[in-house]
Amino acid sequence: MPQDLDQVVRAISIASDPSQVSLHQEALAYLSTIQQNTNSTWSLALTLFVDQAPEGGRKYPTQARFFALRVLDEFFDNRFEPLDDESFRTLQQSLISYIQSEYLYGSAESTAPFLRNKFSHTLTLFFLCTYVEQWSTFFTDLFVLIRPAESSSQPTYNRHISLLFFHIVLEISGEVADNMIKSARTYNAVRNTRDARVRDAVREHDAARINEAVLTIVADGAERMSRLRKNGGSSESERELDGVVEVVDWGIRTFGSYVGWIDINLTVTPTTVPLLFTLLSDTSLPIRLATSLALLRIVSKGLKEPEDKLQLIKVLSLGQVIDALETTTRTQRNASGSETDEGEESYREALGRLLNVLGLELAKLADEHANEEISSEASGMLTHILPVMLQFMADEYDDTCSTIFPLLSNILSGYKRSRKISSDPIDDSKRSFLVSLLKVILQKMKWDEDSDPEDIDDDDKAAFEGLRKDLRTFMDSVLMVDQDLVTDAVRTLALNTLSAYRSGVSVKWHDAELAIYLVYIFGEINKSGGKGRAAFCQAPMVVKEKRKETDYSEYPLTHHGDMLMALVQSGISRYPNRTVVMQFFETAARYGDFFKIRKECILPTLEAFVDPRGLHNPDSAVRARVFYLFHRFIKDGRNDIPPDLAVNLIEGIRDLLVIQVELPELDDPEQQDLLTEAINNPGMFDAQLYMFETAGILVNVLFRSKEQQTSLLLSIVKPLLDDLSVNLQATTKGTQDVVPIVKVHHIIMALGNIAKGFPDWPSPVPEGWIGPPLDVFGQVGQAIIVCLEAMNVFKVVRDATRFAFARIIATTGPNVTHFIPPLMVNLLAHFEPSELVDFMNFIGLLIHKLQTEMFDVLDELIGPLNAHITDLFSQPVTGTDDAVTHVDTKKAYLALLNSIMSSKLHGIFISDRNKAGFEPMLESMQSLAENLSDPSSQKAAFTFLSRCVSVWGQLAPNQTAPNGDGTSQSHGLPGFERFVYERLVPAAFRVLSAPQCNLKDPQILVVVHEIANFLHSVSTARNQEASDFFISVFLPSQNWPPGTAMEFTTKLRDLDTKNFRKYFTEFVRSSRSQLTS
């Protein structure tokens, strides 16, 4: 044994020293073997931990003894059967002897405090596996050690063993009653059963004595603390006092750990309640915090009878106690000035949590109990604590404020339920509470005056915004109880602040910001307000066509209109605080309809936007946000901006239409591509794109003055085109500089966004339509094509070109279609698989905008595209990314094909150039339609096939029924009906009979609906021929009973699409259920 012990000690020394490379892994493996074989190594570990040296003290090093406890933990923790008698006696006697020598007569591991904690855990695990059947006298044996013989010179209770006792009881409570600890462990039914038996045995045999011991030691400690504080002064007295405080602290923690699972009559007595309240206001913060938690657990303890819970709350009288302590702590804090005592704030938080639980328990009794007397008394007690709840909510520290949020939410939910039941006015007491609550909510919505929202930690900013969100939730709850109360309070505070500022009264920044924020949220709060212009003025209903002609200035403003008017007239946009000004911009951009009914407010708001407060602010983050808000404001109010103002605005923002390239710093230059990173992280350019679109909107304001509009647009576009030419030349010189490439990318996108500012080209063009300056956009399109031809090797240029042309074509319609062929050629000259989806979406957009103008382009494009897609689908899918790309490509391809069909461009599929690939394409669609692993593609494929039938499956105009003289042919496409009958119809029915066709799956149900549409299209196109095919050929071949076949064919022929789809779905569902039953 000694040799084994020495070997273990050496292994631990080596394992803790990584420098001993050669033996390190071997030592770890050896120690791991010991831990994995605790049934045979526990005795070695026990000796290693408890053995004493001849000269006193422990024989083995601290590290080795800690490892020994880990081995014993492993041995005890996995044991659910009793130990053999010899092993138990050995362990019991060794551990008792250790406690006597180390805790009763020794220093209680004073040189290694962590061993004390570890030992208390190990002893607890030993207790759990032996208490019920082997060591029922565990607590009796421990109590003997706590109070030594009367002849001893020690204090009444041994401090070290008292603390050990407390730690053990805390550990026991955690193991047998703490649901959080239980849920964190892997579920073990045997352990749970064992722990329940231990808990019941402690309740039955030792709970009273444990509680008595804990409270006796605590009470004794409280008396000694009082005595020492009165007589203190010497360093020895201070040390003794610290020791007593520690004992009382841990004693109350222990008390709090078991009050939830032992009899309440033991823990709440005429003796304990005064003791707890004394300690709740003790000068020691840890004791106060522990007492607060213990009381919280007492209050929240579940009791079977509501009468008992109410009596418990009445005995404790916590409402009055917390009220007094809240007042005391608040007064003390105010007296201390600006110095923050985090400890005292944590105590106020603890009091807030205690009040919150008390209130929730009262609310349960008030709301959920049928006994009128109990409910009424609990409701009265709850009402009495509402004022102190508001005091906590008004606390300047948000953590303290939020402690009562669950209680407040519960109370307001009750008010809302009452409001739903009765529309009578709320009683005066509730109204008074809600008025006080609103005052607190509005006060807490303010930023801290000393904060700088633009320069605080992101977490702190998010915390405040989260608090505002919670406060808004409470405000919305009050709103549901009494809307006028909220709207009046919000409106009054906002108007008073704005009026004060306008009058020259000094207004603090956080008050100003709150006032504007309240204007910002008033549209959400004022549920009775109208929509659009009606939200801001009391005007009669005006039809849409006459709104531009109506003078809304003669109509009085609504409450929200008054607030916005006051906001603009106050001049608060000039407040010397960035947060205040930004809130002004957010509000102005949000309520664009207001400026349509008070046009005199447009100019001062635009001045604020354009000057250094907004667009020209020195802070780039502010500029980036204002770029968007300005765009939104102009876009909403573009019809109310006169041409001369539009020209002035363009001159005011012209300097912001200069593109600067910002290159990012690369974290890993060897792995990262600078060009890609520069495009993905463009800095200000993303926000600047809004400015280019805004410039387009402003130019369009001059649409009635064609020459001036063209000249103004050229003045914006020309510098960009010149810059584009310069950077294009730079890229052709073969330099490695990426800046010119990025610049070309940015300029092309900027040109596209200028076009986006103009309205879409209408189809058909209405009479009197005034289009955009087509010549200018022709120059822009030509310049972009030239760049693309020279730089089509760069993916970023191809991406930017698609982006720009999508917007230019939307604006110019068919007037730039001559650019489409060279555009397609150059986009496809260098092509990456990742671009395919974007390219097909781009083609779909062109089809939507240009319709038949796209025929020739598509005629050339569709053949190579089909071949490319077919080849792609034939490739094996490897990896998740590949699978996602595959699905996205299939989705985009099917969307494109359906777009071609719906736009009546289907002639491209059977043109001389593409007719050879038509049948393979149909076969590919059939394959997709039968693939049940991808229902969305199935649905799109059947949609495409239905449209094909509607187009090429129609009977020829001169064709008679099959029993007449005519020849059965498809209109314009001979033999198409044979493909439908022989290939597509059987494919549809194979899908329906597949095991994976589960109609409970919503995606599969959609596929079944589309199959119904497909079959109906066949019937509609081929008429009686289709009916004859189903009833005489196809359905008999599928072994359908004649009656069922006749019913199905009749429904297919006679019902419209919607009703047939409904019938068909039920038919399939019924048929499949019969097959599975």
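**Notebook: salt bridges in a helical model**

I looked up Lys743 and found it buried, at a relative accessible area of 14% (buried means under 20%, exposed over 50%, partly exposed in between, with a 1.4 Å probe and protein chains only). The model is predicted, so I noted that local features need pLDDT of at least 70 and side-chain atom pairs pLDDT 80 or more, while totals for chains, interfaces and linings use all residues. Residues are numbered from 1 along each chain as its sequence is written, and side-chain values use heavy atoms, without hydrogens and water.

I then turned to the partner of Lys743. Asp723 forms a salt bridge with Lys743, with the closest N and O atoms 3.1 Å apart (a side-chain nitrogen of Lys or Arg within 4 Å of a carboxyl oxygen of Asp or Glu). This pair links helix H33 (residues 706-731), which holds Asp723, to helix H34, which holds Lys743, 20 residues apart (helices are DSSP runs of H or I of at least four residues, and strands are E runs of at least two, numbered from the N terminus). Asp723 is partly exposed, at 23% relative accessibility.

I looked up a second pair, Glu693 and Lys756, whose side chains meet in a salt bridge at 3.8 Å, N to O. Glu693 lies in helix H32 (residues 685-700) and Lys756 in helix H34 (residues 739-756), so the pair ties together parts 63 residues apart in sequence. I recorded Glu693 as buried at 5% and Lys756 as partly exposed at 40%.

For the whole protein, I noted 47 helices and zero strands. The structure holds 57 salt bridges.
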